[in-house]
Amino acid sequence: MIAVDTGPGPVEAAFSTRLGGTSTGAFASLNVGATTGDHPDAVRANREALAGALGFDAARAACLTQVHGADVVALGAGGGEGTYCGSLEGVGEFDAAITREPGVALLAMGADCPVIVLWNGPGDVVAAVHAGWRGIMAGVIPSAIEAMGCDPGALQAAVGPHVGPCCYPVDDSLRDAMARAHGADVVRGDAVDLGIACRRALEAAGVPAARIATVDACTSCDAERFFSYRRDGAATGRQAAVIWIGGAA
Ligand SMILES: [Zn+2]
């Protein structure tokens, strides 16, 4: 687990790693993704273990059916309505979720794509965002911030583990498109730096640069701690970003 420093308010957040679960083989061990072939019972056990370790309510936790888009869902008191450890289904085809309800944990999953958590100063609204290159280009980051409905200048953000520019060469057209949208410094040689792209998108949406933290780790380089699609192909697990408003349940 990688802790996120959310300050003195009620917000709690973390990024999971692949350590500490029950899945085996390509999914060893803390795989929380249910769509790439791992046994559902193992995924349930891993999701329960994550909730137990971090202290959030698995019955109301919410995953998403992520589709590399920019749609955002606002979740009420029921959150994921028992799907997190029940059916294992996501709440719908969304790549970001927000909530103002204490006790509703939001999860965004990735195996190279950046996952981002956002919260405001008072801690009364939070968001989890899946932001791979398609989602970044589709505008999922400003969409999530708009849905939070507060002054972006009061927001804080943490960008989780993702594939680094060391392991993310892309074609010319994507490099050019990313540079046009987010500035020349997102391009590193023949690669794109997705973490910088997320940072630039957060800044462009009004989040102060000093309030954006980025986990300095490459999912593809660090096989011990992280799942990686680039490294291991389609049959691999997922790590997650988790955020919720603590205190009153
Ligand atoms: Zn790398």
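Two aromatic pairs: that is the count here. The rule takes rings of Phe, Tyr and Trp (its six-membered ring) with centres within 6.5 Å; planes under 30 degrees apart are stacked, over 60 edge-to-face, the rest tilted.

Phe56 and Tyr84 make an edge-to-face pair. Their centres lie 5.7 Å apart, with 65 degrees between the planes. Where do these two sit in the chain? Phe56 is in the loop between helix H1 (40-54) and strand E3 (72-75). Tyr84 is in the loop between E3 and strand E4 (96-99). That puts them 28 residues apart. Helices (H or I, at least four residues) and strands (E, at least two) are DSSP runs, numbered from the N terminus.

A word on the model. It is predicted: local features need pLDDT of at least 70, side-chain atom pairs count only at pLDDT 80 or more, and totals for chains, interfaces and linings use all residues. Residues are numbered from 1 along each chain as its sequence is written, and side-chain values use heavy atoms, leaving out hydrogens and water.

Now, buried or exposed? Buried means under 20% relative accessible area, exposed over 50%, partly exposed in between (1.4 Å probe, protein chains only). Tyr84 is buried, at 0%. Phe56 is buried too, at 7%.

Next, Phe56 and Trp244. Ring centres are 5.4 Å apart and planes at 55 degrees, so this pair is tilted. Trp244 lies in strand E12 (residues 239-245), so the pair ties together parts 188 residues apart in sequence. Trp244 is buried, at 6%.

Together, ring pairs link Phe56, Tyr84 and Trp244 into a cluster.
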